[in-house]
Amino acid sequence: MTDNDHTARYEAFFSLHHHLPRQSPGSDATTRWMLARTGLLPRRPRVLDLGCGPGRAALLLAAEAGAEVTAVDTHQPFLDELRASAEARGLGDRIRTVHADMGRLSGPGTPDLADASFDLVWAEGSAYIIGFDTALRDWKRLLAPGGSLVVSHCVWTTDTPSDEARAFWDQDGPMLPVSAQTARAVAAGYHVLGVRVQPESDWDEYYVPLAEKVAATDPSAPGMAWALASTREELAMRRDHGTEYGYAAYVLRPADPRWTTRPETAADIDAVHAVNAAAFPTPDEARLVDALRTDPQAWLPGLSYVARETGGTGDIAAYALLTRCRVGDAPALALAPVATAPDRRLQGAGQAVVRAVLDAARLRGESLVLVLGHPDYYPRFGFVPASRFGIRAGFEVPDEAMMALVLDDSAPVPTGTIQYPAAFGI
């Protein structure tokens, strides 16, 4: 293929996608879901939208989150569409467009975006261009403290994809299931704030307008016959094998580098007891942990976590435990206790260890976590009143203090009364 042929195909492909509402599966509802999982944001959050296309997400973030958006794309006509849409909606002062390659964001001839300069780095449907792992590695430096990386990426939704689907989707490297891709994010130094396989309606928002455009496009322009054929192949793949793969939305936050978290070891048991005894007015919580260790129906190896100061003396600064409970007849997890050494309070150690143990639960395939705790503290991890799901405690407790976190919203959330391990005495 000559350079001219390649250029013609490139231009034809993008021409086919001009003036479509989206360039990948998605919806305003999914964008709002991801935005909600990022937590508390500044009044005017700084957002970097990478591979923004015509800017559907950028426009929503500017309008609904009050964001100042830097929108980056390699295709200038998409940026022109975004600029026109922003001006028409009165958002021109909140959206800056940058013609650049998302894979080259520093150095000569690039935007040279500064480290720690964005509250959100956003990439709906575009991270595949440089690869999920590369995006996790290269974009982390751009996040301000407390900032989040938001990406969507194609994933297998079956353990046994067909040869036809594998041949199509693995051309640029093996595609992964959600669990493996989530594990990659944790291994890359992120906490997971939310993961969702996007609904089929998100594909319709992309493919229905695209199919209509394909049907109405003249194939005679240079490169257009190839663009139409490759797009029809993709549409047919979705029609015939759409149950085998999907798009997953990830909301990620870099782990706090001040704290190192890990599962407890046998050598930690005495120190864990001491931290719990010091953190609470009575020794009851410390004794609870010791009792839960002896209950094989409650204790789950690998879900008792400690945090230590990175590069510090090695003393345990904070602790968090998840044990098996039930809602009705369905398995769930109870988060209790969470303890921080008195001299380490208000330094982030408690948050670090809670996020780490929740990540571990997610990677185990757990779907629901319950906590009885302070309603001003636990919502930062995504907990909401359990009553929203029809879950209740078997004793009197303020509604706002009994909370639930759904780790996997593809599974039905059970309803009923929480049954704690016997060691809780309730």
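# Cavity, sheet and exposure

Mentor: The lining of the largest cavity divides into six nonpolar residues, one polar residue and three charged ones. The model is predicted.

Trainee: Which residues line the largest cavity, and what makes some of them charged?

Mentor: The lining consists of His191, Val192, Leu193, Arg355, Leu358, Asp359, Arg362, Phe381, Leu405 and Leu407. Asp, Glu, Lys and Arg count as charged, so Arg355, Asp359 and Arg362 go into that class.

Trainee: What is the volume of the second largest pocket, and which residues are closest to its centre?

Mentor: The second largest pocket holds about 630 Å³ of space. It is lined by 32 residues, and those closest to its centre are Ala36, Arg37, Leu193, Phe381 and Gly382. The lining divides into 16 nonpolar, six polar and ten charged residues. Here the largest share, four residues, comes from E6. H2, E5, E6, H12 and strand E15 (402–406) each supply at least two residues.

Trainee: What makes E6 an edge strand?

Mentor: The open sheet has seven strands in the order E3-E2-E1-E4-E5-E7-E6, with mixed pairing. E6 and strand E3 (95–99) are the edges, as each pairs on one side only. From one strand to the next, the twist averages 20°.

Trainee: How do you know that E6 and E7 pair?

Mentor: Pairing needs at least two bridges between the strands. Seven bridges join E6 to E7, so the two count as paired, and they run antiparallel. Tyr190 has Pro254 in E7 as its bridge partner. E4 and E5 also pass the cut-off, because five bridges join them; they run parallel. Trp122 stands opposite Val150 in E5.

Trainee: How does H2 sit against the sheet?

Mentor: H2 packs on the sheet and touches E4, E5, E6 and E7, with its direction at about 25° to that of E7. In H2 (residues 28–37), the buried residues are Thr30, Thr31, Trp33, Met34 and Leu35. Their cover includes helix H3 (56–64) and helix H8 (200–216), as well as E4, E5, E6 and E7. After H2 comes Gly39, with a positive phi near 85°.

Trainee: Why is Thr70 called buried?

Mentor: Thr70 has 7% relative accessibility. The cut-off is under 20%, so Thr70 counts as buried. This residue is in strand E2 (residues 68–73). Leaving out residues up to four places away in sequence, Thr70 touches Val47, Leu48, Asp49, Arg96, Val98 and Phe118.

Trainee: Thr7 is also a threonine; why is Thr7 called partly exposed?

Mentor: The relative accessibility of Thr7 is 43%. Exposed requires over 50% and buried under 20%, so Thr7 falls in between. Thr7 is in helix H1 (residues 3–17). Thr7 and Gly223 are 216 residues apart in sequence, while their C-alpha atoms are 8.2 Å apart.

Trainee: Is His19 buried or exposed, and what makes its phi worth a remark?

Mentor: His19 has a relative accessible area of 66%, which is over 50%, so His19 is exposed. Its phi is positive, near 60°, and the residue is not a glycine. His19 is in the loop between H1 and H2.

Trainee: Where is Ala116, and why does this residue count as partly exposed?

Mentor: Ala116 is in the loop between E3 and E4. Its relative accessibility of 37% lies between the two cut-offs, so Ala116 is partly exposed. Ala116 also has a positive phi, about 55°, without being a glycine.

Trainee: What kind of peptide bond joins Ala336 and Pro337?

Mentor: That bond is cis, with omega about -5°. Pro337 lies in strand E11 (residues 330–340).

Note on methods. Residues numbered from 1 in each chain as written. Predicted model: local features only at pLDDT ≥ 70, side-chain atom pairs only at ≥ 80, totals over all residues. Heavy atoms only, no water. 1 Å grid on protein atoms, 1.4 Å probe; cavity = no way out; pocket = protein on both sides within 12 Å on 5 of 7 lines; lining within 4 Å. Buried < 20%, exposed > 50% of the residue type's maximum accessible area, 1.4 Å probe, protein only. Contact = heavy atoms within 4.5 Å. Axes fitted to C-alpha atoms, helices over the stretch in contact; angles between N-to-C directions. Points joined across faces, edges and corners; volume = space filled by probe spheres on them.
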